[in-house]
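Please keep the sequence and the structure in view while reading.

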Amino acid sequence: MDRTSLGAAVAARGLGVAGPRGWTFRAVDVAAAPGDLVAVEGPSGSGRTCLLLTLTGRMRPTAGTAEVGGLPLPRRMAAVRRITALAQIAGVCEPEGALSVGEHLRERVLLCRRFTGGPRALFRPPAEAAERAEAALATVGLDPDALPAGPRTLARDLGRPESLRLSLALALIGGPRLIAVDDADLKLGPADRADAWALLRSVAASGPTVLAVCGEAPEDADAVVTTHGKETADAFAAAGRA
């Protein structure tokens, strides 16, 4: 598979976002080729999630330059949102615990038919969207029928590894060129952490570029981006450089 035809290259230089309480993150450089697996490493509160939201067109940068799939930010934020997807971002994009796995999949298929591909997408046969869902499930290795209650298993009853697979499948249904995943290794033991990175690697190998927030980057990541956020801003301020 030619990953360059599917994934989105990412190039950012000196990227930063500031809010009323100071810098959320600053001076971040990113260089990723299409289909790369990029680990966004840093402590909690260092602006990792905000960096994902910025590079997917959901948050406006305050400083620096960035392009995603050749689309400059912030000028083409709407276009960047159309070619990117989020997975497992608490409070923004995470499976609703009271809904079943099957309900989540059906909902995402319906939303993709309604909001992607323009008005003509509404006239495509439902089977086409269902096939995309099946392909996404195959990519992440999630079989709803193998879950404890089958497709009726509630999202809140999934273990963290299965929840990550579901989040990635939902993101893949829309056919994004880049997927941003939050807390990829949160609360995972060594074995599950290795499985999570193998999963993210396989998703990237299927086409889309993957940006994954983590506490500790794996050795085989194509690129590692480190965020320092407020800690760096505080250090600059203490040195009179902010």
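Ala 180 stands opposite Leu 211 in β8. The two residues belong to strand β7 (residues 178-181) and strand β8 (residues 209-214), which run parallel and are joined by four bridges; strands pair if DSSP finds at least two bridges between them. Strands here are DSSP runs of E with at least two residues, helices are runs of H or I with at least four, and both are numbered from the N terminus.

The model is predicted, so local features need pLDDT of at least 70 and side-chain atom pairs count only at pLDDT 80 or more, while totals for chains, interfaces and linings use all residues. Residues are numbered from 1 along each chain as its sequence is written, and side-chain values use heavy atoms, with hydrogens and water left out.

**The parallel sheet**

Strands β7 and β8 belong to an open sheet of five strands in the order β6-β7-β8-β3-β9, with parallel pairing. Its edge strands are β6 (84-87) and β9, each of which pairs on one side only. From one strand to the next, the twist averages 20 degrees. Helix α1 packs on this sheet and touches β3, β6, β7, β8 and β9, its direction making about 160 degrees with that of β8. Helix α6 (residues 190-205) lies across β3, β7 and β8, also at about 160 degrees to β8. Such angles run from 0 to 180 degrees between N-to-C directions, with axes fitted as lines to C-alpha atoms, for helices over the stretch in contact. Contact means heavy atoms within 4.5 Å.

Thr 226 stands opposite Glu 41.

| Strand pair | Bridges | Direction |
|---|---|---|
| β3 (residues 37-41) and β9 | four bridges | parallel |
| β7 (residues 178-181) and β8 (residues 209-214) | four bridges | parallel |
| β1 (residues 10-19) and β2 | seven bridges | antiparallel |

**The antiparallel sheet**

Another open sheet has four strands in the order β2-β1-β4-β5, with antiparallel pairing. Strands β2 (22-32) and β5 (71-73) stand at its edges with a single partner strand each, so one side of each has no neighbour in the sheet. Within this sheet, Ala 12 stands opposite Val 30 in β2.

**Arg 48**

Arg 48 is found in helix α1 (residues 48-55). With a relative accessibility of 11%, Arg 48 counts as buried, a term for values under 20% relative accessible area, whereas exposed means over 50% and partly exposed lies in between (1.4 Å probe, protein chains only). A polar atom of its side chain lies 2.8 Å from the backbone oxygen of Gly 42.

**Cores**

The largest nonpolar core has 38 residues, of which Leu 168, Val 181 and Leu 200 touch the most other members. A nonpolar core is a set of buried Ala, Val, Leu, Ile, Met, Phe, Trp, Tyr and Cys residues joined through side-chain atoms within 4.5 Å. Beyond its neighbours within four places in sequence, Leu 200 is in contact with Leu 37, Leu 168, Val 181, Ala 184, Val 210 and Ala 212. A second, separate core of 31 residues includes Leu 53, Leu 71, Leu 86 and Leu 178.

Conventions: A polar contact is a pair of N or O atoms within 3.5 Å; within protein, one must be able to donate a hydrogen and the other to accept it, and residues adjacent in sequence count only if both atoms are side-chain atoms.
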